[in-house]
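Subject: Handover of a structure and notes on its contacts and pockets

Dear colleague,

I am passing on the structure below, together with my notes on it. Please read the notes with the coordinates open.

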Amino acid sequence: MSAEKTIDRLPAVPKPGRWIMPGLGLIQGLVISGKNAIQSYYKKDRMTTIQYPEQRAVISPNFRNFPFLCYDDDAATGLRCTACSICENECPPQCIYIVLDRDENGKSLKRPKVFDIDISVCMNCGICAEVCPFDSIYMDGEYEMSTDDRFGGLMLGLDRLAKSAEYHMKLRPEEASAVMAKRKAEEEKKAAAAAAKAAKAKADLEAKAKAAAEAKAAEEAQAATEEKGESA
């Protein structure tokens, strides 16, 4: 390829535009910073200082800290967790420990007997909440969890992990409302299926009873006919 063709393929040199004063962007940024600093003394939306702990900043719904377990009515009987151990298996730092609760015959009760989370190991990734198929585990917004007990104080059990659906509603209203609507629809679907099954069973029972009654009536009629023929 010749030098002339190579030069023809090079991009054209842009024409110089209007002259811009060096450092203009820096000056504009300083003006904005000074304006915001002055407005922070008298505008509420600019007052960023919080008098902690008397005042608390509003926690964003997207904020996530350590997990908690959600229950509907009662913490002992309404816990949504079924001890399926999916979160335990998917946890990257392996900080979740679950023991399935069983009855005296060894049958699963579909609830955890032990559910521990070591928050000294937890890295707040939220994978446990993402993989939970039973809308049971969510990331909490509580952040004041310092303790002088580095072992027992940082091991959260069911007594500290279990929190109500109302708490979830206050923490993340949109997410909790969607979950409650979905669970309500599933319960209504299950109730409708159970009602349809009961109606079908009742109809089958009535049909069997009717068939048995008809068969009995036919036998009685046949017996009466035979008895009448013998007497004749």
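Which residues line the second largest pocket? Before I answer, please keep in mind that this is a predicted model, and that every value in this message was computed from it.

**Pockets**

The lining of the second largest pocket is made up of Ala-75, Ala-76, Thr-77, Gly-78, Leu-79, Asp-101, Lys-110, Arg-111, Pro-112, Leu-158 and Ala-162. Strand β3, which covers residues 108-118, gives the most to this lining, with three residues. Sorted by class, the lining of the second largest pocket holds six nonpolar, two polar and three charged residues, and the space in this pocket comes to about 190 Å³.

The largest pocket holds about 290 Å³ of space. Its lining has 13 residues, and those that lie nearest the centre of the pocket are Phe-134, Arg-183, Glu-186, Glu-187 and Lys-190. By class, the lining of the largest pocket divides into eight charged, three nonpolar and two polar residues.

Because its relative accessibility is 22%, Asp-72 counts as partly exposed, while Arg-183, at 19%, counts as buried; the cut-off for buried is under 20%.

The count of salt bridges in the model comes to eight. One of them joins the side chains of Arg-56 and Glu-144, with an N to O distance of 3.1 Å. Arg-56 is found in the loop between α2 (24-39) and β1 (67-71), and Glu-144 in the loop between β4 (137-139) and β5 (155-156), so the contact ties together parts that are 88 residues apart in sequence. Arg-56 is partly exposed, with a relative accessible area of 44%, and Glu-144 is likewise partly exposed, with a relative accessible area of 39%.

A further salt bridge is formed by Asp-140 and Lys-163, whose closest N and O atoms are 2.5 Å apart. This pair links distant parts of the chain, since Asp-140 lies in the loop between β4 and β5 and Lys-163 in strand β6 (residues 162-164), 23 residues apart. Asp-140 counts as buried at 5% relative accessibility, and Lys-163 counts as buried at 15%. As for how salt bridges connect to one another, those that share partners join Asp-72, Arg-80 and Arg-183 into one network.

**Aromatic contacts**

How many aromatic pairs does the model contain? The count comes to two. In the pair of Phe-68 and Tyr-138, the centres are 6.2 Å apart and the planes stand at 40 degrees, which is described as tilted. Phe-68 lies in strand β1 and Tyr-138 in strand β4, so the pair ties together parts that are 70 residues apart in sequence, and both Phe-68 and Tyr-138 are buried.

The rings of Phe-68 and Tyr-167 have their centres 5.5 Å apart and their planes at 90 degrees, so this pair is edge-to-face. With Phe-68 in strand β1 and Tyr-167 in helix α6 (residues 165-171), the pair ties together parts that are 99 residues apart in sequence. Phe-68 counts as buried at 1% relative accessibility, whereas Tyr-167 counts as partly exposed at 28%.

Lys-163, the salt-bridge partner of Asp-140, has its charged end over the ring of Phe-68, 5.9 Å from the ring centre.

**A distance along helix α7**

Ala-211 lies in helix α7 and, at 43% relative accessibility, counts as partly exposed. The C-alpha atoms of Ala-211 and Leu-158 are separated by 56 Å, and these residues are 53 residues apart along the chain; Leu-158 is also among the residues that line the second largest pocket.

With best regards

Definitions and conventions: Residues are numbered from 1 along each chain as its sequence is written. This is a predicted model: local features need pLDDT of at least 70, side-chain atom pairs count only at pLDDT 80 or more; totals for chains, interfaces and linings use all residues. Side-chain values use heavy atoms; hydrogens and water are left out. A salt bridge is a side-chain nitrogen of Lys or Arg within 4 Å of a carboxyl oxygen of Asp or Glu. Helices (H or I, at least four residues) and strands (E, at least two) are DSSP runs, numbered from the N terminus. Buried means under 20% relative accessible area, exposed over 50%, partly exposed in between (1.4 Å probe, protein chains only). Rings of Phe, Tyr and Trp (its six-membered ring) pair if their centres lie within 6.5 Å; planes under 30 degrees apart count as stacked, over 60 as edge-to-face and the rest as tilted. A charge sits over a ring if NZ of Lys or CZ of Arg is within 6 Å of the ring centre and within 35 degrees of the ring normal. On a 1 Å grid over the protein atoms alone, a cavity is a set of points where a 1.4 Å probe fits but cannot get out, and a pocket is an open set with protein on both sides within 12 Å along at least five of seven lines; lining residues have an atom within 4 Å of a point. Grid points are joined across faces, edges and corners, and a volume is the space filled by probe spheres set on the points. Ala, Val, Leu, Ile, Met, Phe, Trp, Tyr, Cys and Pro count as nonpolar, Asp, Glu, Lys and Arg as charged, and the others, Gly among them, as polar.
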